[in-house]
Structures are given as C-alpha cells and as structure tokens.
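Here are my notes on the model, as numbered points. Please read them alongside the structure.

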Amino acid sequence: MISQWQLRAAFAARLSDMYGREVPAYTTLVDVSREVNEDVLRTRGADAERLGSISRVTAERHGAIRVGTPQELRQVARVFGALGMHPVGFYDLREAAASAVPVVSTAFRPIDTEELARNPFRVFTSMLTTADPRFFDADLRARLEAFLAGRELFPPELLTLADRAEAEKQLPQEDAERFLQLAVQAFELSAEPVDKAWYETLERISAVAADIGGVRSTHINHLTPRVLDIDELYRRMTERGIEMIDTIQGPPAWQGPDVLLRQTSFRALAEPRALRTPDGTVISGALRVRFGEVEARGIALTREGRTLYDRLLALVDQQAAAHPEADRSELARTVWEQHMPRTEQELLAQGQAYFTHQVAPDRPRDGSRPPAGVVDLVKQGWVRAEPIVYEDFLPRSAAGIFQSNLSGEGSRNNDHEGTAYDAEWLSGAIGREVLDPFALYEQQQNRSLAQVADELQLDGALG
C-alpha cells in the first residue's frame, strides 16, 4: 500500500521531472538552487537547517496552477485531497496587483507538522473571477463561462481514484501508479491547437485570463524549488545568462531574521504552441505564460507581526514614491533596520513570530523554580524556542511575480464595483473549509507550550 505522503512525494517528483522536460530552464534553476544550498550548508553548518533540514529543503517544491470555475476548483481539491493536502489561506490577487490579474487563490498543502516534515509539497491554486464586471462584461462573461463549462480538466477515473485515496489514506501500488500517471498528465502542456482569436480576446483583458480560459486544458504554470540564499541564486542565474525578473519579492535582504517569504523568478519564456486561425488553419506560434520561480522561506509571523510587515511595506512604498531615483531595495533595508525586531529573541518577546518550545536538556538543576512566562523561560535557559517556518504565501508577492511575467497590463474597468470574494465564499465553492494559516501556526505553538508546562510542572497555561 502507498500512503498519502508517499503519493504526495512521488507526485511532486514526477511533476518536477515533467516540468523540467517542458521548460529546460527550470532544470537549471533546480541545479543552481542545489549548488547554493550546498554552499550555504558548508558555510553556516547547522544554522543553515534552522528552518528545515537540508533533505526537506532540497526536496521542497511549490507548484502553481490556474482553473476557471468553482467546479474545476472542487475537482482540484479532490486530487490534492488524495495527497493529504488541504486548502489553506485566501488570496485576492485582484486587489494586490496593479495590472489586471482577475483571480482569487488558495494553497493546497499538508497541515500536520509530521506530514510537512515528510514532504511539504504545496500548490498555489488560482481561480478566474468571471463574475467580476471590472474585467468581464456580460457578453464576454457568458462566452467565457460557456467555454469553461464545455471542457474537462480531470478524467473521471482520476477523480474516482483520488476520492478513494483520500477516504482510505492510501492506495494499492497498482492503483497508486495509475493515479500518479493520470494526475501528472492532467497538468502537462497540451498539444491541442489554441483558438487564436479567442485567446487574444481574453489576452486583451488579462494574460492570466487567457492562460486560464483561452485553452481547453490546464497546466503547471510554474514549479518552485526552495533556496537558502535567494540573493546568491539570483546572481548565479544571471551569470548563466538566464533573464530574471527585476526584483526579489517580499522582505528585503538584511542582517536580521528572515521572515515570511522571498520569491523571484526567471522571465516567462516564449513556448511554441499550435494556433488555430479563424479560417481553421493551424499555424505555428508562441505563447509566453510559464516561468521558473524560486523561494526562500523565513519565520512565520503572528497577526501582530504581519501587521507590522504590511505597515513597513507601505512605508517603503511612500519613500519610493517620494524618491523615485532611489534604490528600492536599499530603502526597504533601511526601513527594516529601523523598525523590524533584529533578533529571534526580540520577535519572541514582542509576540511578532511563532515558535515551538522544548524543555532544554541543560536547564538549571539547582533546585530553583522555573519562571512563569515563556520569554523568561527562554532567557534563563529553561526552554529552547525554535522558529516555525512560514508555509504559506503573500498576495502582493504572488501578484508581483505574476505581473513581472506579463507582456501587457491588460484592462480593468474601475467604473464598476468589484464582485466580493472571501475565504467563506471560497470554502463554499470548494466544499471544504479554507483553513486560516494563523490558526494553524498558533495551534502548533500552543501544543508545544502545553508540553513544556506539563514537563516543568507549571501551574496554568503558558502564553
């Protein structure tokens, strides 16, 4: 029998192999990431593995896919449910992007700490917001929804196997092999000719809309390895002649703790595609929609820490607008050094980040009683605090990556009121609760604190 985590690991590996064949520059990205990680490990030793073992970091991937309708999103949820992956977080890229990106998103990922350690594969999944009149007028919406209703992204056999794997938490080897074959095939780039006129109609609204609703299949949009030094990777990729986007999205590089998520990518490549013209002729063309992303993960911030992060980003925006000639990354670094806690201990003391806690084996043994608060327990050597790695995404960073790989801004009619989508709506659309990432991190932290309180025989809960 093949367990869910084994299915997840095998699917991630096969998807990576497939995407490497389709987009050879992705293989270069993986190779350079591995080189950088090995160098960082040699230089920093055990400290390099503070946010995950090198085996986990090396195997780690996040994928990104795009679908058109709630029904397609429900089917995706069934496929990922087979792999022990749950929808976590709601991201509205319509509001995070300056250009036209008419999607809302969630991320399917494992949520159990042990499952994340085994294989943390996650898939950022975006759905087209066809009901938003800022992007699609009534006529185009009707045509688009009719087109989407007429396609099948996932064969019934795949969905049946997925439901069985989710219900039973495993599959027999033969069925597991069939599931993996069908699942990987579902995300391969189709050779079916693309309707040129229809694709271009949607592309005038948004290149993202065309990539979702202009074709009769879905495909992996990008696959992302994890790297321990994203600035060094950016430099090495550029040295190899691979064109990178202009910036690294997310927090700046600085001397303090790495928090949340930093991302960058090589630019979307022109890939040969067959195009069908209005008279039925099939011609050779090229579409530029897929790119190679890479990420560096930091410490998960609490709600208070996230509020601080968002405030600092707004401050950087203000300063960049006031000083357009200045280097934005330098401005951001200065802002971070002025306002962001400079050590993990400060993040802990200010309640800005999440940690797991363990009783220290070398704690005081002089008969004294431990202090009551977690900060003092750590400071006085009773307890060790280990940062919790951020497993999720940032809407502004995701939108920034999308935008950096678009050939045009698209169009958006702000005379109309945008249609409301939120986590509750998305939960109903998927038929599964979209989980709150903050709650997941808090539960992980609280479980460790309860264990500490029990081991040290402390009265009352730690917090």
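1. Charges first. Lys and Arg count as positive, Asp and Glu as negative; His and the chain ends are left out. Each charge is placed at NZ of Lys, CZ of Arg, CG of Asp or CD of Glu. On that basis the protein carries 52 positive and 70 negative side chains. The centres of the two sets are 1 Å apart.

2. Basis. This is a predicted model, in which local features need pLDDT of at least 70 and side-chain atom pairs pLDDT 80 or more, while totals for chains, interfaces and linings use all residues. Numbering starts from 1 along each chain as its sequence is written, and side-chain values use heavy atoms, without hydrogens and water.

3. Overall size. The radius of gyration (over C-alpha atoms) is 23 Å. That agrees with a compact globule of 463 residues, because the rule, 2.2 Å times the number of residues to the power 0.38, gives a value near 23 Å. Along the principal axes, the C-alpha atoms fill a box of roughly 90 × 60 × 45 Å.

4. Burial and contacts. Take contacts (heavy atoms within 4.5 Å) between residues at least 6 apart in sequence: 76% join residues at least 24 apart.

5. Thr-218 sits in the loop between α11 (207-213) and β8 (222-225). Is Thr-218 buried or exposed? Thr-218 is buried, at 4% relative accessible area. Its side chain reaches the backbone oxygen of Arg-66 at 2.9 Å. Beyond four places away in sequence, Thr-218 touches residues including Leu-153, Phe-154 and Phe-187.

How values were computed:
Helices (H or I, at least four residues) and strands (E, at least two) are DSSP runs, numbered from the N terminus. Buried means under 20% relative accessible area, exposed over 50%, partly exposed in between (1.4 Å probe, protein chains only). A polar contact is a pair of N or O atoms within 3.5 Å; within protein, one must be able to donate a hydrogen and the other to accept it, and residues adjacent in sequence count only if both atoms are side-chain atoms.
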